[in-house]
Every structure is written in structure tokens, then in C-alpha cells.
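Keep the viewer open as you read.

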Amino acid sequence: MLYPLTFQPIFKERIWGGRELERLYAKKIPAGISIGESWEISDRPGDASVIANGPLAGKNLRWLMENHAHELLGDAKPAGENRFPLLIKILDAREKLSLQVHPPASKAAELKGEPKTEMWFIADAAPGAELFVGLKRGVTRAEFEKKISGGSVAECFHRVPVRAGDTMFLPSGRVHAVGDGLVIFEIQQNSDTTYRVFDWNRTGLEGKPRELHVAQSLASIDFNDFEPKLVKTKFTGDEVKVRPLVNGPLFNVEALEMKSGASLNLKPRKLQIVAAVRGELEVQSNSVSVKLSAGQFCLIPASLERTEILANSDAASLRVEAN
């Protein structure tokens with residue numbers, strides 16, 4: 001029944017967005033607006049990704065979860081309300097995002113939100129680009145609160161210079177913001193709860209300041225989370241190089257670099273997503289073949305026994321497993 005699936009992206013206008021997804025990945029984004037997020041695989045209320053290929057084209061991920069959840073997920077656990085466990089995005093940040101935090105599982109229900117653990121893979125970075133992640137060593141809650149009141153809380157954040165290929169893991173409770181000049185592949189728990197600490201005193205799309213969530217943020221922040229580092233793992237291999245990025249309870253992610261003509265058999269009977277970062281790839285399972293270029297994604301249902309990735313050029317990709 002199921003086969004490797006591609007989806008129509010869902011574009012989100014953002015005050016901090018731009019047009020890089022059009023330039024880098026030939027995404028057909030709406031004219032004249034700043035797109036900050038492309039939701040590539042989503043099962044959020046009102047934002048269910050529509051299948052773009054094969055006999056199921058036109059049906060959406062919500063329909064798949066309602067009718068074929070076991071074939072799709074295998075042993076991966078669904079999110080709440082039997083939703084698909086992950087939310088996959090590309091972010092285009094031409095300006096800094098708000099300083100923010102997602103609630104940890106221990107606090108989310110109390111705050112009427114959803115926990116959100118995520119990772120960022122830097123796909124493109126302007127010279128001097130940086131992330132705001134975690135606290136500077138020694139910052140206390142009292143100092144943090146004082147600087148919120150004074151409008152200088154950004155001084156409390158640890159700043160990390162980044163370039164293309166870097167990865168940062170962001171567990172719930174870690175304060176963070178994307179800096180300007182970055183395009184990021186974001187792999188995250190299926191959640192859309194964000195508490196803003198500070199938004200650079202700017203106005204939103206409606207011309208008014210965006211809402212802040214200071215009390216919820218203070219309840220969510222891990223005040224012992226000092227100066228986290230980028231993922232430091234290395235590539236191993238020759239024709240196919242593999243670099244583990246994240247191994248966690250929610251998802252595993254590895255980076256792949258493949259020479260033209262190389263192939264890789266994926267794990268059987270495991271829900272996986274292949275994200276093309278650079279070059280041209282092909283995902284094959286039984287008689288179905290899906291071609292991917294940079295910025296495109298393919299969902300491999302757990303019911304598939306044998307799936308192979310072929311590199312039609314020198315190529316880089318991410319392989320995501322849902323747990």
C-alpha cells in the first residue's frame with residue numbers, strides 16, 4: 001500500500017524571513033512576501049502536509065495517520081492525539097529570531113503547552129552568522145530576570161559562530177535563537193509551543209509588538225544549561241561517509257556524504273526521512289523511485305522491507321529516524 005512519499009511544502013510568512021528558499025532550492029514561494037519557514041512534513045492542526053507523488057497524491061499526512069498509522073510508524077511512537085511524531089522544517093532567517101524557549105516535558109502540561117526538543121542543521125550561513133544557545137557561564141536566574149526588565153537579556157545568551165554543515169541539539173528548556181543570515185534544516189518533536197523572552201523591540205507582521213511569554217519562559221528555562229557546544233562527531237567511510245548527529249529518545253539523525261554512483265541500503269521496517277542537502281539523490285523501494293534535489297524530503301514508511309538511496313551526483317543528505 002505505502003511507498004516512499006514526498007509532500008507539498010507549507011510556506012509560513014515571518015517578519016524575520018526572506019527569499020532564500022527560492023534562490024537555494026527553487027521553492028515556488030508566494031511572490032512579494034518574506035517566507036521564514038517551509039514546513040516540509042507536518043501533521044499539525046490546520047497544517048497537514050499533502051502527498052505530492054504516486055497513487056495517494058492529494059491525500060494528507062493526517063489521513064495517513066488516521067488510516068495507516070501502523071504501516072507508517074512501525075515501532076515509532078506517535079505524538080499526542082495520534083499525530084505524526086516529527087515536524088520537519090526549513091528556516092530562512094534574514095533577521096534574528098526572538099530569544100525563546102520550549103517547555104520541558106515536566107512543565108509543559110502545567111503551562112498548557114507541548115514539549116519541543118529539536119535539532120538545527122546549518123544548510124547555509126552568511127559570514128559571521130551565529131546562534132544564541134544556552135546561557136553564558138555563571139548567569140543566574142536573578143540576573144536573567146533583571147536584564148529582561150532592562151531590555152538587555154541578550155547579554156545573558158551564549159553565542160556560537162556557525163557555518164554550513166554545523167549541527168546544534170536543542171533539548172526542551174534550552175534558551176535559544178537563530179541569528180540572521182542562516183538557512184537551517186530543523187528536525188523537531190511534533191509541537192508548536194514557543195515562549196518568547198525578548199523580540200528585539202520590533203513589530204510583527206500586523207505592525208504591533210509580538211506577544212512575550214516571560215512567566216512561562218522563566219518556568220521553562222534550564223538555568224544550569226551553560227554554553228552548549230556544536231555536535232563534534234566526525235565522518236567515517238569512503239564512497240558513503242556517515243556522521244552521527246543525534247541519538248535520542250525521540251529521533252536519531254545522521255549526515256551522509258555520497259560520491260556520485262554510490263548507494264546505501266536503509267534500515268528495513270523503520271520510519272525514516274531522507275533530506276537532500278546538496279546534489280541529486282534517488283530513493284528506491286520496490287518499483288517506486290523518488291528523485292530528490294537539495295531542499296527536498298522523502299518519508300520512508302516503516303512497512304517497507306527494502307529501500308535504497310542512490311547518489312546521481314556527489315550528494316549530501318540527512319537521514320532521520322523516528323523513535
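Contact here means heavy atoms within 4.5 Å. With that in hand, and not counting residues up to four places away in sequence, Ile187 touches Leu87, Ile88, Thr117, Glu118, Met119, Phe251, Val253 and Val320. A quick word on what you're looking at: this is a predicted model, where local features need pLDDT of at least 70, side-chain atom pairs count only at pLDDT 80 or more, and totals for chains, interfaces and linings use all residues. Residues are numbered from 1 along each chain as its sequence is written, and side-chain values use heavy atoms, with hydrogens and water left out.

Back to Ile187, which has 0% relative accessibility and therefore counts as buried (buried is under 20% relative accessible area, exposed over 50%, partly exposed in between, with a 1.4 Å probe and protein chains only). Ile187 is found in strand 14; helices (H or I, at least four residues) and strands (E, at least two) are DSSP runs, numbered from the N terminus.

Two strands pair if DSSP finds at least two bridges between them. Within this pairing, Ile90 stands opposite Phe185 in strand 14. Zoom out and you get an open sheet of six strands with antiparallel pairing, in the order 2-3-7-14-9-12. Its edges are strand 2 (10-18) and strand 12 (167-170), each pairing on one side only.

There is another open sheet of six strands, also paired antiparallel, in the order 16-17-18-25-20-23. Here the edge strands are strand 16 (236-237) and strand 23 (297-300), each with pairing on one side only. Strand 16 is joined to strand 17 (residues 240-247) by two bridges, and they run antiparallel. Thr236 stands opposite Val242 in strand 17.

Now for the packing. A nonpolar core is a set of buried Ala, Val, Leu, Ile, Met, Phe, Trp, Tyr and Cys residues joined through side-chain atoms within 4.5 Å. The largest one has 46 residues, and Leu72, Phe84 and Phe185 touch the most other members. Helix 2 (residues 61-73) gives the most to this core, with six residues. Apart from it lies another core of 20 residues, including Val139, Ile148, Val197 and Leu218. As for Leu72, its contacts beyond four places in sequence include Leu2, Leu5, Phe84, Leu271 and Pro301.

Next, the rings. Phe, Tyr and Trp rings (for Trp, the six-membered one) pair if their centres lie within 6.5 Å; planes under 30 degrees apart count as stacked, over 60 as edge-to-face and the rest as tilted. The structure holds seven aromatic pairs. In one of them, Phe144 and Phe157 have ring centres 6.1 Å apart and planes at 35°, so this pair is tilted. Phe144 lies in helix 4 (residues 141-150) and Phe157 in strand 11 (residues 157-161), so the pair ties together parts that are 13 residues apart in sequence. Phe144 counts as buried, at 0% relative accessibility, and Phe157 is buried with a relative accessible area of 0%. Phe185 turns up again in an aromatic cluster with Tyr25, Phe121 and Phe297.

Finally, two lysines: Lys12 lies over the face of Trp39, at 4.6 Å from the ring centre, and Lys59 lies over the face of Trp63, at 4.7 Å from the ring centre. A charge sits over a ring if NZ of Lys or CZ of Arg is within 6 Å of the ring centre and within 35 degrees of the ring normal.
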